[in-house]
Amino acid sequence: MTEWDIVPEVRTIAVLRANGIGDYLFAIPALEALRAAYPSAQITLLGAPWHQAFLTGRPGPVDRVLVVPPCHGVRDTGPDDPHSDAPELQPFFTAMRAEGFDLALQLHGGGGNSNPFVRRLGAPVTAGFRAPGAPPLDRWTPYDYWQREVLRLLEGVALVGARPVALDPRLELLPEDRAEAARLLDHGAGPLVALHPGSGDARRRWPAAGFTAAGKALARRGARVVVTGSADERELAAAVAAGIAGARSLAGALSLGGLAGLFARCDVVVANDTGPLHLARAVGAATVGLYWCGNVVNAGPMTQARQRTLLSWITTCPACGHKEGEGEPCACPVSFVAQIAPEAVIEACLSLLGEGDTAKAQRNLGGERVATQ
């Protein structure tokens, strides 16, 4: 990899990363590297409305958030939205050029749409990723989908001389995050386990029956089980909770900060590969993540001491037979992770709770990691 130098005399930096929760969390190590390399510069995240609501006033590497208007390929509001290029887009760029950014980074994707966007900000130096066919920036590195996202983004900020200071994304909690979670939790005995059965992508969604089976087994061992989800996932969360003695559904009852506060109190969080799984890790929770094998390449945890990663090795769509990785993915709303056995999830949870065959074997060998069948 080419060694790039620090850009001199940088006072203001714009970073484009206007996507989801997990996407932002993956970017935290890169943003921390950027902060360390440019300690006196103001870092502005060009993001989505949720970034502004969640990050304003929260300690971290970002100084402020400016919301990107809907823009085709950068911040779409839906595939069929006729307003994907909002009327306020041109005034937005006028305002951005008036900001006088000294450096603009594209950490948003391959650059087909995002590189022209970043070039319109008017910064004298631009840097970021470039997929085949995308226009170049002043400093760029090739974009290939099959790369761990945390490492990709660290490679992106290395284009401007920023070196890693951390690998695991970490998010600071606010007192109100903890207080919101505390108001909804009982103070009973037993480890607290959160189940998160939802996902915006049906293909990443482990069957609800699996979450119920795992929750039942953990509740029988004395765990307090809560089920989390968005307001749109209330029905799913309620169905999972209904089959578990003493379980409560908190779907739709917590803000994003409150959810982070809840996960920080959990002994284990079990979740599909979706934003809340990465949120749980970022606040220090032990997690059991349920992944399709292709997604773990990008979104798997950077370390494994307090994480368990369970994989489904399906490579063709169970509904139509389309082979994943060849051409555009199919649109079948079926689970690609249903083959993960509830027994594997239960054992992973028990190992994190200090029970189960894996944990017992590790204790018996003085903490040495062993493989179990």
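**Entry 1: the sheet.** I began with strand β7 (residues 192-196) and found that 4 bridges join it to strand β8 (residues 224-227), the two running parallel. I note that this is a predicted model. Within this pair I looked up L195 and found its bridge partner in β8 to be V227. I then turned to helix α7 (residues 208-220), which packs on the sheet and touches β7, β8, β10 (268-272) and β11 (287-292). I recorded an angle of about 175° between the direction of α7 and that of β7.

**Entry 2: strand order.** I traced the open sheet through its 6 strands and wrote down the order β9-β8-β7-β10-β11-β12, with parallel pairing. I asked which strands stand at the edges. They are β9 (248-249) and β12 (307-312); each has a single partner strand, so one side of each is left without a neighbour in the sheet.

**Entry 3: helix α10.** I next examined helix α10 (residues 275-282) and asked how many of its residues are buried. I found 8 of the 8 to be buried, so the helix is largely enclosed by the rest of the structure. Among these buried residues I listed H278 and R281, along with G275 and P276. After α10 I came to G284, whose phi is positive, near 95°.

Entry 4: I placed W146 in the loop between β6 (139-142) and α5 (149-158).

Terms used: Residues are numbered from 1 along each chain as its sequence is written. This is a predicted model: local features need pLDDT of at least 70, side-chain atom pairs count only at pLDDT 80 or more; totals for chains, interfaces and linings use all residues. Side-chain values use heavy atoms; hydrogens and water are left out. Buried means under 20% relative accessible area, exposed over 50%, partly exposed in between (1.4 Å probe, protein chains only). Two strands pair if DSSP finds at least two bridges between them. Contact means heavy atoms within 4.5 Å. Axes are lines fitted to C-alpha atoms, for helices over the stretch in contact, and angles run from 0 to 180 degrees between N-to-C directions.
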